[in-house]
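Here is a short walk through the fold for someone meeting it for the first time. Please keep the model open beside these points as you read.

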Amino acid sequence: MPVLNRSVLYYLAIALVQGALLLTFIHYRNPVLAVFCATLALVGGINLQLLGGAVRQRGTWLLVAGLALLMASVSAWLYAQSADGWLWMRWIPASLVLAYIGAAFILSWPTRDGNRLRYQDLYQHAWNNAFIVLLALLVTLAFWLLLWLCGRLFTILGAPVLSDIFASLEFICVCLPIFFSLGIRMGRQNDKAIGLLRNVLLTVCRYLLPLCSLIAVVFTLALAVTGVAPIFNTGYSTSILLCLVGSTLFLLNGVFQDGEHDAGYARPLKLLVNASLVCLPLLMALACYSSWLRIDQYGLTPQRFLAMLLIGIALVHSLAALWAIRPRQAVWLGSLRRSNPLIALLSFVVLMLVFTPVLNPLTYSAANQMERLLSGRTSADAFDARALRYRLGKPGIEQFERLSRLVKEGQILDAPSRELLADRLLEAEPVSMSPREYGPKLEWIGPAPEDSAQMLNLTLIESQCGSSGCAAWQVDLDDDGVNEVLVVPKHEYSTSAFVYARHEGFWRDYARVDGIGTGRALIEQIRAGTLKLAKPRYKTLVIDGRELGMMPYPQRD
């Protein structure tokens, strides 16, 4: 990288503007605009610092402004979608990848040949930027530790004012960008040191690639012996295969470098690497099929949606690497010089679209879960209404409300399934949004006693029959000609039912039945008339006023 002796004032000016924009993040009343300004400061400022004087060459500043505005707009939009916290949390690491890819292309723009970026520049900036930013972070840390030490020293002397100033958000927002900007300038002016660090890393890649290639080849050959069933039986095979393929491709590009010179491997090592590149598309095809089996069995989730996108990008990269091993090229793997920039741009576009309505994982997942329920692939009993309502952001809430409306109008499923689904939807509703009245709810199976309203005031029913409610059934359990009431909670975690009987004209707790399995199963048996009443085989013993029951041992053959 050429040395550009820029004035310190240039970097200080950028840092001060960054600090002013970051201050809006903590003081501005509109948080969406604050997020927009903070992202604009970070993305735009860092690119300006990395470019130095080249920002004015060939309209490069327009690219910086475009990237910064694009990422700031997406950040503000995601923050405004408060229900989609899942996307916002994943946007933070994704934005680092997007900024990294964008910076490499922007820094290569001033030195392009016509309208074509030079691969040597893309390679150099892609590797150097990582080390320059790392150096800037280390410089910022060193400055900050010295200020912290200064504050603690004066605190010992009874003057904690400096420590309080250094810990204030205003000071942090102003000074940290200054330290970071100076670190960027140091990295740009010491291109030999940065180049040395880059060469050390690439040398490590040169030694690790044969080992990684050997692992890929041996693993692929082992699949011919064991079969692919073990891959499909695990719940993490996709991530492991992605790590293997990603590691191989990363090390391969570290060895390939700018593509101007041969890697220097002996022929057997080149053959080993070529063999591993043949295996990569196969491994990605297995990962794709494994993920598809999960989606077909359980439905689409945001994690599986992202996994499929990553598999698609890795598969394209693997196919490009496979094409690169064809013979009669001037340089081994020479076609990577053309495919790598295109794949990087493809990755940038796809990753950006994930955080827009075009490829929103939450939207596709919510729609898929809804479609599976309506088509019958997911039963009403197995449908996870809570996941739809609380884990799929705003699209999940919209599909949840639509499903509730369809159930009320009786437009979907059969009557028993609608009733079961209605209970599940009610369980998933927030208390403040429940359309029913607050307090306990009893659904009577068969006729209800005239004084049934009195039971709603019982403490146990109030605690057990809240949001989901309970099913109640009149039955004579002691053969005295007077009905008791069996109350079964509907919530999923119920394992006990409760018996109530009249005592002096009032309903009282009488007994509890444990080990019923699930309350829903017991309720279905009551409705179907298959629940049987059984008398005890043995009479009880009364000893000193206490009644003791008997529990016979299981009969042995």
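1. Some terms to begin with. Contact means heavy atoms within 4.5 Å. Axes are lines fitted to C-alpha atoms, for helices over the stretch in contact, and angles run from 0 to 180 degrees between N-to-C directions. Helices (H or I, at least four residues) and strands (E, at least two) are DSSP runs, numbered from the N terminus. With that in hand, look at helix H19 (residues 519-528): it lies across E1, strand E2 (470-475), E3 and E4, and runs at about 135° to E3.

2. A word on the source. This is a predicted model, in which local features need pLDDT of at least 70 and side-chain atom pairs count only at pLDDT 80 or more, while totals for chains, interfaces and linings use all residues. Residues are numbered from 1 along each chain as its sequence is written, and side-chain values use heavy atoms, with hydrogens and water left out.

3. Five strands make up an open sheet, ordered E1-E2-E3-E4-E5, with mixed pairing; two strands pair if DSSP finds at least two bridges between them. Strand E1 (442-444) and E5 are the edge strands, each pairing on one side only. On average, neighbouring strands are turned by 30° against each other, direction ignored.

4. Follow E4 next. Strand E3 (residues 484-489) and E4 run antiparallel and are joined by three bridges, and Leu486 has Val499 in E4 as its bridge partner. Strand E4 (residues 496-503) is also antiparallel to strand E5 (residues 506-514), with eight bridges between them; here Ala497 stands opposite Val513. E4 and E5 form a hairpin with two residues between them, and Glu504 in the turn has a positive phi of about 55°.

5. Turn to helix H4 (residues 85-108). Its 24 residues reach 35 Å from first C-alpha to last, close to the 34 Å expected at 1.5 Å a residue; the expected span is 1.5 Å times one less than the number of residues. H4 bends by about 40° at Ile92, with a proline, Pro93, following within four residues. The bend at a residue is the angle between axes fitted to the seven residues ending there and the seven starting there.

6. Which helix does H4 cross at roughly 150°? The partner is helix H13 (residues 336-354), and the two axes come within 10 Å. H4 is therefore roughly antiparallel to H13 (angles under 35 degrees count as roughly parallel, over 145 as roughly antiparallel, 65 to 115 as roughly perpendicular and the rest as oblique). Among the residues making the contact are Trp91, Leu98 and Phe105 of H4 and Leu345, Phe348 and Met352 of H13.

7. Helix H11 (residues 267-298) has 32 residues, which should span 46 Å at 1.5 Å a residue, and its end C-alpha atoms are 47 Å apart, which agrees. H11 bends by about 25° at Cys279, and Pro281 follows within four residues. After H11 comes Gly299, with a positive phi near 95°.

8. Finally, helix H16 (residues 393-409) packs against helix H17 (residues 415-428) at about 140°, with axes 10 Å apart, so H16 is oblique to H17. Phe400, Leu403, Ser404 and Val407 in H16 meet Arg418, Leu421, Ala422, Leu425 and Ala428 in H17.
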